[in-house]
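These are my notebook entries on a structure that I consulted for the first time. I record what I looked up, entry by entry.

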Amino acid sequence: MNVSKMTIQKMIAVTAMAMAIPMSAYAGHHDEGSKKQHSEMRHHHKHGGMLKQLDLTAEQQAQVDQIVQKQRTEMKAAMKDRRAHRDEMKSIVEQDTFDATKAERLIAQQQKQERATKLSMLRTQHEIYKVLTPEQREKAKVIRAEWQEKMTDRYNKRKADNPGNAM
């Protein structure tokens, strides 16, 4: 199966929009609420996004495009690796006997891949941030704070509306 350009673009969009969210927003929220936040991030990027709100110059946009293209190439390779890894994990489940040693190795590899992906995303965010002027950086902070407040409010509302659902 080929990695579609749209899938890569979505991953890049999430990476770019992650600039708008402090990393603390993700800490400890590996649940349905965080999946919803990821969906909202993609929606936010598709319908305006922070970078569009920052009114990048043509030169800045070209620099960002170059950074994003580099990230896209890295993500394609990472997606191929993850797909192969997922197939190996599936094979463990389908065996007659459980191979705990192989499972441990695959889990360690998966964690290493996740760390590498997060590092790459942070590096991309940093490279994009460096392209911004001081004024755009300040505007980005305001946009980020407003967006985070909105996501926190939505998370708290969902939690209040579903008290039996431990998020």
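This is a predicted model: local features need pLDDT of at least 70, side-chain atom pairs count only at pLDDT 80 or more; totals for chains, interfaces and linings use all residues.

Entry one. Setting aside neighbours within four places in sequence, I found histidine 85 in contact with Leu106, Gln109, Gln110 and Gln113. I located histidine 85 itself in helix H4, which covers residues 58-94.

Entry two. I turned to the largest nonpolar core and noted that it has 12 residues. I listed them as Met50, Leu51, Leu54, Leu56, Val64, Ile67, Val68, Ile128, Val131, Leu132, Ala140 and Ile143. Helices H3 (49-53), H4, H5 and H6 each supply at least two residues of this core. Which helix gives the most to this core? I found that H4 does, with 3 residues.

Leaving aside neighbours within four places in sequence, valine 64 is in contact with Leu51, Leu56, Ile128 and Val131. As general background, I noted that nonpolar side chains tend to be buried together in soluble globular proteins.

Where is threonine 133 placed? I found threonine 133 in the loop between helix H5 (100-131) and helix H6 (134-161). Its relative accessibility is 29%, which lies between the 20% and 50% limits, so I recorded threonine 133 as partly exposed. I also looked up its separation from glutamine 60, which is 73 residues apart from threonine 133 along the chain. The C-alpha atoms of threonine 133 and glutamine 60 are separated by 9.4 Å.

Key:
Residues are numbered from 1 along each chain as its sequence is written. Side-chain values use heavy atoms; hydrogens and water are left out. Helices (H or I, at least four residues) and strands (E, at least two) are DSSP runs, numbered from the N terminus. Buried means under 20% relative accessible area, exposed over 50%, partly exposed in between (1.4 Å probe, protein chains only). Contact means heavy atoms within 4.5 Å. A nonpolar core is a set of buried Ala, Val, Leu, Ile, Met, Phe, Trp, Tyr and Cys residues joined through side-chain atoms within 4.5 Å.
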